[in-house]
Amino acid sequence: MEYAFYPMTQEIAEEIAYQWHYDTEYSFYDMEADQEDLQEFVNPVIRGNSYFMVIQNNETIGFYCFHQITEKTIDMGLGMKPDLTGNGSGVEFLEAGMAFLKSRFLPEKVTLSVATFNKRAIKVYKKIGFEENGTFIQATNGGNYEFLKMIYHC
């Protein structure tokens, strides 16, 4: 399938932040679950030019954010529309995002962090070549949660 990447618009940021809600334990990823994350996402000044919406068949199906850590390392975040998760399209979505990232930033390494309970996402990340690189505890969503740091060598 064809994916198009565009800078995040305010309208789409607000739609994702306030209308995308995930089921069961994945509600952890609802933007409204953490006020700091929510503010970064919906405030265009804070969001800057780091966020991109992903369009497929004229519909927003996901987003990516890219933060330059060093000259050759990019930290990546992403999300898929809730009704598209868990249906086997994660690898294709991630491969498209990685292709966009590599063409735009030319990194040597890509990092990301994922909640350790999210085995589904970890499996997808490993499938395209991300490797585990340790765990850490982060305060978010009103508690302390364990995250897995992953790294991809380009």
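Helices (H or I, at least four residues) and strands (E, at least two) were taken as DSSP runs and numbered from the N terminus. On this basis T60 lies in strand β3, residues 59-70. The structure is a predicted model, in which local features need pLDDT of at least 70 and side-chain atom pairs count only at pLDDT 80 or more, whereas totals for chains, interfaces and linings use all residues. Residues are numbered from 1 along each chain as its sequence is written, and side-chain values use heavy atoms, with hydrogens and water left out.

The chain contains five helices and seven strands. Their order along the sequence is β-α-α-α-β-β-β-α-β-α-β-β. The radius of gyration, taken over C-alpha atoms, was compared with a globule rule of 2.2 Å times the number of residues to the power 0.38. For 154 residues the rule places a compact globule near 15 Å, and the value of 15 Å found for the chain agrees. The C-alpha trace spans about 35 × 35 × 35 Å along its principal axes.

Residues were classed as buried (under 20% relative accessible area), exposed (over 50%) or partly exposed (in between), with a 1.4 Å probe and protein chains only. Of the 154 residues in the chain, 45% are buried. Contact was defined as heavy atoms within 4.5 Å. Among contacts between residues at least 6 apart in sequence, 58% join residues at least 24 apart.

For charges, Lys and Arg count as positive and Asp and Glu as negative, while His and the chain ends are not counted; the place of a charge is NZ of Lys, CZ of Arg, CG of Asp or CD of Glu. The chain carries 12 positive and 22 negative side chains, and the centres of the two sets are 8 Å apart.

F5 belongs to strand β1 (residues 4-7) and is buried, with a relative accessible area of 17%. Neighbours within four places in sequence being left aside, F5 contacts M53, V54, Y64, A96, G97 and F100. F5 and Y64 are 59 residues apart along the chain, and their C-alpha atoms are separated by 8.9 Å. T60, in strand β3, counts as buried at 9% relative accessibility. With the neighbours within four places in sequence again left aside, the contacts of T60 are I12, I16, W20, M53, V54, I55 and K81.

N118 is located in the loop between β5 (109-115) and α5 (119-127) and counts as buried, because its relative accessibility is 7%. The side chain of N118 reaches the backbone nitrogen of A121 at 3.1 Å. Residues up to four places away in sequence not being counted, N118 touches Y26 and Y29. T24 is in the loop between α1 (10-19) and α2 (35-42); its phi is near 50°, a positive value in a residue other than glycine. At 58% relative accessibility T24 counts as exposed. L106, in the loop between α4 (90-105) and β5, has a phi near 55°, a positive value in a residue other than glycine. L106 counts as exposed, with a relative accessibility of 61%.

How values were computed. Polar contact = N/O pair within 3.5 Å; in protein donor to acceptor, adjacent residues only side chain to side chain.
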